[in-house]
Amino acid sequence: MSALELITDAGQPVAEDLSQAPLALRGLTVSYHDEPVVFSVDMTIVPGSMTGIIGPNGAGKSTLLKAALGIVTPLAGRVTVWGQPLGKMRDRIAYVPQRASVDWDFPTQVLDVVLMGMYRELGLLRRVRPRHVAHAMECLTRVGMQDFAERQIGQLSGGQQQRVFLARALAQKADLYLLDEPFAGVDAATEAAIIGVLKALRDEGKTVVAVHHDLSTVEAYFDRVFLINRRRMGEGPVATAFTQDALQATYGGRLSDGFVARQSAG
Amino acid sequence: MLADALFLQLGYNAALVALGATALGIAAGAVGAFLYLRKRSLVSDAISHATLPGLALAFIVMVLLGSDGRFLPGLLAGSALSAWLGLWLVSWMSHRTRLAEDAAIGAVLSVFFGFGIVLLTVIQSLPAGRQAGLEGFLLGSTAGMLRSDALTIAAGGLVVLALTYALRRPLLMGAFDPVHARMMGVATRQVDLMLMTLVMAVTVVGLKVVGLILIVALLIIPAVAARFWSDQAERVVLISGALGGLSGYTGAALSATAPDLPTGPIIVLVAFGLFATSLLVAPGRGLLATALRHRQVQQRVHLRQGLLALAHGQPIYEGLTRRILRRQGLTRPDGVATRDGRAAASRALRDENRWQALRRTEHLSELATRDDGLTRIEDVLTSDQIATLDATLAPQKGGA
């Protein structure tokens, strides 16, 4: 460890014990084409919490998540999962990507997609047994998609596709769930179904982290927030960290006056 | 004659060729399906063209070492080496420079092929080169196929198939959602590399039968044809392998019916025939089925709109709507509704009103999103729910 790494943006000490934190970032910097989109960010996810990652467009929310998962390689900084390096702990993490990242004309049915979430169990050659199918169906039932098991995924609406992705994540039986804009472009029924499942996961003691952009639902959905605009702008329980001042600092001039007014009125 | 050919009655050599071509077709079809699902079909074009310089160099080296330049395993090893180099260049250019993969493929394909052709010309001028017969590897030449050649091809095909089967899950996961696959512990890069190696193996094995220019057809055509028949990836792979094998077998048999018919090109033509058939008649995604479905929906839309117009006493201007109503006996030739027509019109109107009512019903309005103008409300609601809806409709009717 170099001396430079000792001083991170929030002045966190390096020798801290992170074994309780499902996910911790220290001094994480990610750049696309030589320009940092996430700069020296510290984040500590509390176990059993439901955290919303909040920030304006282009603030690096999705990038932060992808770097935390090793999907993009950070330029600097360190990621720990229950205190361990990411590579060892991958099987305890489930990730639900943005819907746009997949070719929906791919010839696969809903049930097959969910079974892909059980690859660690199935491996290369093990046959898919009735108990595997039963578990996959159980996950589909949790998101209300049990009647669609044999549909080709391209025939589903956007919201239904998102629920199938969530079912695939559930099939992993993970302890930490990371979701990238799970509510973007979905119908109200899907939004309600997804938030119901996420809250149930939290109540089971799992940890949920979701990139979120709808400020009006933050208080209803999450118990913690992480505010980001390229740098860490705030972190903590909704009641203390999701304040008008913090939002103003995060969004700058981009936060519409209407919303600020609504927040202060409510 | 054709029947004789199809039942392998045309002699020993024809039977050997058919065996080799079938094994190659199955392997190429199965591997090609994964390549197609991974959207990397064109890479096979670069790989196959990149075999030529290696083939020619292997010949030259073997002649210089004083052995027979036509030693097949030596030629195949040389072609595999240069295919590797071509593949590595494509992947290096598309990852490390800002060139897109298609540009990299084009560059590698043409440069390697051009260099290979130059080497072939050089070989022609060598004393040992005149009988080299290396041109046979361009379009395949099965005339002098030996028992050992056929068995080599069949064994190669089997190994490729076994590896493809073992890797089917990571291959499909990487093709569908590479990011998720990586999260699940699939080493997507290595899996991709393995797929390319399998493609290379098929190409090298197929040099003798269809040649390096046409092997691409066997890797791509069965896969795209198979896609018409299924929406399940594993079935697409199976069907693709079957279509590839069928093309290989039928093509080899056909080419044996007359002297000097080129086997490779005929195999490709058979594969194309299977593709064209699939494109036309496959249920679901085929052109005919699509056109038929489109027509049925169009007719139902016109019928529904016509009935609603009748119910509201509006004039119908569209010729198609009028024809459909008349053909079904719902209107007389002068456009006036028959008794059946009036009944159907009032049923359509009732359905429409129920949908309207459904949209206003608070706890059921979610279901109203399934209204597309054609779905009958009976398919969405139970009869009890419809009765409840009708209860809300009744006073409005009375008021009107």
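Trainee: Why does B:Trp92 count as partly exposed?

Mentor: Its relative accessibility is 39%. Buried needs under 20% and exposed needs over 50%, so a value in between is called partly exposed. Keep in mind that this is a predicted model.

Trainee: And what makes B:Pro259 exposed?

Mentor: The relative accessible area of B:Pro259 is 72%, and the label asks for over 50%. So B:Pro259 counts as exposed. You'll find B:Pro259 in the loop between helix 13 (233–255) and helix 14 (263–281) of chain B.

Trainee: How far is B:Pro259 from B:Trp88, in sequence and in space?

Mentor: They are 171 residues apart in sequence and 41 Å apart in space, C-alpha to C-alpha. While we're in chain B, its domain assignment gives domain 1 (2–278) and domain 2 (289–399). The centres of those two domains are separated by 56 Å, taken over C-alpha atoms.

Trainee: Let's talk rings. How many aromatic pairs are there over all chains?

Mentor: The structure holds 7. Take A:Trp104 and A:Phe165, with 5.3 Å centre to centre and 35° between the planes.

Trainee: Then why is the pair of B:Trp88 and B:Trp92 called stacked?

Mentor: Their ring centres are 6.4 Å apart, which passes the 6.5 Å limit. Their planes are at 20°, and under 30 degrees counts as stacked, so that's the label. The two sit 4 residues apart in helix 5 (residues 72–96) of chain B, so about one helical turn separates them. Back in chain A, ring pairs also link A:Phe183, A:Tyr221 and A:Phe222 into a cluster.

Trainee: How do you know that the charged end of A:Arg92 sits over the ring of A:Trp82?

Mentor: The distance to the ring centre is 3.9 Å, and the limit is 6 Å, with a direction within 35 degrees of the ring normal. B:Arg168 does likewise over the face of B:Tyr165, at 4.4 Å from the ring centre.

Trainee: A:Trp82 again: where does it take its positive phi?

Mentor: In the hairpin of strand 4 and strand 5 of chain A, which has 2 residues between the strands; the phi is near 45°.

Trainee: What makes strand 4 and strand 5 of chain A a pair?

Mentor: They are joined by 2 bridges and run antiparallel. Pairing takes at least two bridges, so they qualify.

Trainee: What about the mixed sheet in chain A, in which order do its strands come?

Mentor: The order is 6-7-8-3-9-10, in an open sheet of 6 strands. Strand 6 (93–96) and strand 10 (231–237) of chain A each have a single partner, so these two are the edges. On average, neighbouring strands of this sheet are turned by 15° against each other, direction ignored.

Trainee: How do strand 6 and strand 7 of chain A run, parallel or antiparallel?

Mentor: Parallel, with 4 bridges joining strand 6 to strand 7 (residues 176–180). A:Val96 stands opposite A:Leu179 there. Helix 7 (residues 188–203) of chain A packs on the sheet, touching strand 3 (50–54), strand 7 and strand 8 (207–212).

Definitions and conventions:
Residues are numbered from 1 along each chain as its sequence is written. Chains are lettered from A and ligands numbered from 1 in the order in which they are written. This is a predicted model: local features need pLDDT of at least 70, side-chain atom pairs count only at pLDDT 80 or more; totals for chains, interfaces and linings use all residues. Side-chain values use heavy atoms; hydrogens and water are left out. Domain bounds come from an automatic or database domain assignment. Axes are lines fitted to C-alpha atoms, for helices over the stretch in contact, and angles run from 0 to 180 degrees between N-to-C directions. Contact means heavy atoms within 4.5 Å. Rings of Phe, Tyr and Trp (its six-membered ring) pair if their centres lie within 6.5 Å; planes under 30 degrees apart count as stacked, over 60 as edge-to-face and the rest as tilted. Buried means under 20% relative accessible area, exposed over 50%, partly exposed in between (1.4 Å probe, protein chains only).
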